[in-house]
Amino acid sequence: MKIISSIADLRDQLRGQNRIAFVPTMGNLHEGHLSLMRLAQRHGDPVVASIFVNRLQFGPNEDFDKYPRTMERDIAMLEKEGVYVLFAPTEKDLYPVPQDFRVTPPGDLGDILEGEFRPGFFNGVSTVVTKLFNCTQPRVAVFGKKDYQQLMVIRRMVSQLAMPIEIIPADTIRETDGLAMSSRNGYLTTTERAEAPHLYRVLQQTRQQWLDGAGRTDRLLQLEADARRILLERGWQPDYISIRMQKNLLTPSQADLDANEALVILAAVKLGATRLIDNLEI
């Protein structure tokens, strides 16, 4: 595997490759990331991964400085997966001058849910992903469904900006107890780690209750409130637990429910000092 930090060197290395499959990451890799690499291998060749902790998507009081950086371990894992190139730029490589030009998602998608609680987050994500796409020029790119809203933002961005890239969604990879794999799981204490799988259980319970009953907007709101109450009683601090339409993440109207629009439950909750996100399609 070739490890490259310079944009110019990356372009030289990839010149003439027209079936690149790209997987952008922030490092501290786990089995969930590796599943993305394997999926990329089925859709293109060569596979290019990136590791870059993107300052633009962190708020002023978020965990940019303490975000886990495990480059040597990550390199060993990617080599075992047969990744062709790891693009690992420094901030000076990717942002040689202040990044004044930004990609801003529309408010109806970028300012709801995660965007409401992390203002500017999707602006930072969209900007860095656009720049990484320009650096790697992939034919396909793989993004995990665990970051469901991020996947939606990237899909819409690629479509509206006419980028010649196919976005491949990857199913969430979970621990044996159901907890969605995440680099931030490492922040959990032993006690919190034992409690953490309850989030997925609440999502499963909410999904089943919705499927077992009448599809009404008042019932949808009640199920959201019930899920929030259950987690609050167990000591969690919910930012949101919301049932939305899969196609645009808007709250469904009664007409949408009558038309059997596909739904998804999305949640962001704090357990102690750690913020976890998860979702479950209905």
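Student: What is the handedness of the crossing of helix 7 and helix 8?
Tutor: Right-handed. Keep in mind that this is a predicted model.

Student: Which residues of helix 7 and helix 8 meet?
Tutor: Helix 7 brings Phe121, Phe122, Val125, Ser126, Val129, Thr130 and Phe133. Helix 8 brings Gln149, Gln150, Val153, Ile154, Met157 and Val158. By class, the contact has nine nonpolar, four polar and no charged residues.

Student: Why are helix 10 and helix 11 called roughly antiparallel?
Tutor: Helix 10 and helix 11 (residues 217-233) pack at about 155 degrees, with axes 10 Å apart. The cut-off is over 145 degrees. The pair is therefore roughly antiparallel. The crossing of helix 10 with helix 11 is right-handed.

Student: Which classes of residue make the contact of helix 10 with helix 11?
Tutor: Eight nonpolar, four polar and two charged residues. Among those in helix 10 are His198, Leu199 and Trp210, and helix 11 contributes Arg219 and Leu220, among others.

Student: What makes strand 7 and strand 9 edge strands?
Tutor: The open sheet of three strands has the order 7-8-9, with antiparallel pairing. Strand 7 (237-245) and strand 9 (274-281) each have a single partner strand, so one side of each lacks a neighbour in the sheet. The twist averages 10 degrees from one strand to the next.

Student: How do you know that strand 8 and strand 9 pair?
Tutor: Pairing needs at least two bridges. Strand 8 (residues 263-271) and strand 9 have eight, in the antiparallel sense. In one of these, alanine 267 is partnered by aspartate 278 in strand 9. Helix 10 (residues 198-212) packs on this sheet and touches strand 7, strand 8 and strand 9.

Student: Where are the edges of the open sheet of six strands?
Tutor: Its order is 1-4-3-2-5-6, with parallel pairing. Strand 1 (2-4) and strand 6 (166-170) are the edge strands, as each pairs on one side only. Here the twist averages 25 degrees from one strand to the next.

Student: How do you know that strand 3 and strand 4 pair?
Tutor: The test is again at least two bridges. Strand 3 and strand 4 (residues 85-87) have three, in the parallel sense. In strand 4, leucine 86 is the bridge partner of alanine 49.

Student: Why is the pair of phenylalanine 117 and tyrosine 240 called tilted?
Tutor: The ring centres lie 5.9 Å apart, and the planes make 35 degrees. A pair needs centres within 6.5 Å; stacked means under 30 degrees and edge-to-face over 60. Phenylalanine 117 lies in helix 6 (residues 114-117) and tyrosine 240 in strand 7, so the pair ties together parts 123 residues apart in sequence.

Technical notes: Residues numbered from 1 in each chain as written. Predicted model: local features only at pLDDT ≥ 70, side-chain atom pairs only at ≥ 80, totals over all residues. Heavy atoms only, no water. Left-handed = near helix turned anticlockwise from the far one by under 90°. Helix = DSSP H or I, 4+ residues; strand = E, 2+ residues; numbered from the N terminus. Contact = heavy atoms within 4.5 Å. Nonpolar A, V, L, I, M, F, W, Y, C, P; charged D, E, K, R; others polar. Axes fitted to C-alpha atoms, helices over the stretch in contact; angles between N-to-C directions. Phe/Tyr/Trp six-rings, centres within 6.5 Å; stacked < 30°, edge-to-face > 60°. Parallel < 35°, antiparallel > 145°, perpendicular 65-115°, else oblique.
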